[in-house]
Amino acid sequence: MLFSLAVVYTASSTISELKTGSTETLFLSHLGKIAIGILAMIVVSGIDYNIYKKFTKPAMIIGIILLIIVLVGGSSAKGASRWINLGGVSIQPSEFAKFAMIFHFAAMLEKKQEFIKDFETGFVPFIVWTLVICILIALQPNFSTMIVIFMISFAMMFIGNVNLLYLIYTGIIGVVLAGVYAVSAPYRLARIQAYLGGEDAGGEAVSYQLKQALIAIGNGGVAGVGVGQSRQSHMFLPESYGDFIFSIIGEEFGFIGLFFIIFIFGFVFYRGMQIARKAPNAFGYFLSVGIVVTFSIYVFVNAGVNTGLLPTTGLPLPFISFGGTAIIIYSMAIGVLLNISKQAGVYNHENSILD
């Protein structure tokens, strides 16, 4: 997050000046969110994670209510309704609902292990919660977030030993439905066409972002053009301080910078799985895995989009992209991981949940 301060400042200065008259407005907003996030992480790291068990279901219900509210009276941007404004503060309910699902699934997986292979007890409750959240997010519409939540849900069910056949059948149905949904709107179809065939497929306007992102990475070469020397951030690359900040890092810090970022995220993944492995109980294990898997999916998808490996979509790079709700909630999730790690410290390796 501290590294993101330099990148967000250089990537947002031009558009910040055009929008607000100051090159520092967006940067200061980002700085404030990071300060809140770090404070939240420290506070949450001192709270016993087992306390959350009794609140996971109410949190899920609140998350669903917020998703309904955002459909009825949420703030719209680029044709989608995804935020709720509360006194000048924008809240993205999908972020809250996503982590509420992770916590609730962790609690249910621990509780239902004895019956986890049963269809009615060990599968239906999970898929019902998943479908409710995914449908509400699809109605915003927010296809990319819906797909990610679906992936997180299935990853947690797989790790929780839910019957594999149920997951396979549902996964096949889900892929078919997602495919139909993906081509049901012209802008989503254009993104897929641009990914598959570029301009020849009618996706010239859509592929513009990817072209500019690849130019940024190409400009950076091995060592980068230097901090603050990005050219693509000067209104060439849309969302240069948000969803496409990975490309700006590549431009200013080069391959070395991108490798460093991927290495840091890899280290977070490694430490998160170590924490899961030594978690004092099954709830801590499933919760740790759910959090780590979520970060990993977001990093993979964001890097894939920025480099053209995946179709263009709007998912931020965790802890680095400009944002509000996501940074704070992600920081709190890391605080939970730290608390699980802290409690795991009083156990030796023989007490590991996996051992």
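Me: Buried means under 20% relative accessible area, exposed means over 50%, and partly exposed lies in between (1.4 Å probe, protein chains only). Is Glu-239 buried, partly exposed or exposed, and what is its relative accessible area?

Reply: This is a predicted model, in which local features need pLDDT of at least 70, side-chain atom pairs count only at pLDDT 80 or more, and totals for chains, interfaces and linings use all residues. Residues are numbered from 1 along each chain as its sequence is written, and side-chain values use heavy atoms, with hydrogens and water left out. Glu-239 lies in the loop between helix H10 (204-220) and helix H11 (245-277); helices are DSSP runs of H or I with at least four residues, numbered from the N terminus. Glu-239 is partly exposed, because its relative accessible area is 28%.

Me: What is the phi of Phe-319?

Reply: Phe-319 is found in the loop between H12 and H13 and counts as buried, at 13% relative accessibility. Although Phe-319 is a residue other than glycine, its phi is positive, near 70°.

Me: Which residues does Ile-133 touch, not counting residues up to four places away in sequence?

Reply: Ile-133 has its place in helix H6 (residues 124-138) and is buried, with a relative accessible area of 0%. With contact taken as heavy atoms within 4.5 Å, and residues up to four places away in sequence not counted, Ile-133 touches Met-60, Ile-64, Leu-67, Ala-97, Met-101 and Ile-149.

Me: Which residues does Ser-153 touch, not counting residues up to four places away in sequence?

Reply: Ser-153 belongs to helix H7 (residues 143-159). Its relative accessibility is 0%, so Ser-153 counts as buried. Apart from residues up to four places away in sequence, Ser-153 touches Met-101, Phe-105 and Thr-130.

Me: What is omega for the peptide bond that joins Gln-140 and Pro-141?

Reply: Pro-141 lies in the loop between H6 and H7. The bond joining Gln-140 and Pro-141 is cis, with omega about -5°.

Me: Are H4 and H13 roughly parallel or roughly antiparallel to each other?

Reply: Axes are lines fitted to C-alpha atoms, for helices over the stretch in contact, and angles run from 0 to 180 degrees between N-to-C directions. Helix H4 (residues 93-111) and helix H13 (residues 325-344) pack with their axes 10 Å apart, at an angle of about 20°. Angles under 35 degrees count as roughly parallel, over 145 as roughly antiparallel, 65 to 115 as roughly perpendicular and the rest as oblique. H4 and H13 are therefore roughly parallel.

Methods
Helices (H or I, at least four residues) and strands (E, at least two) are DSSP runs, numbered from the N terminus.
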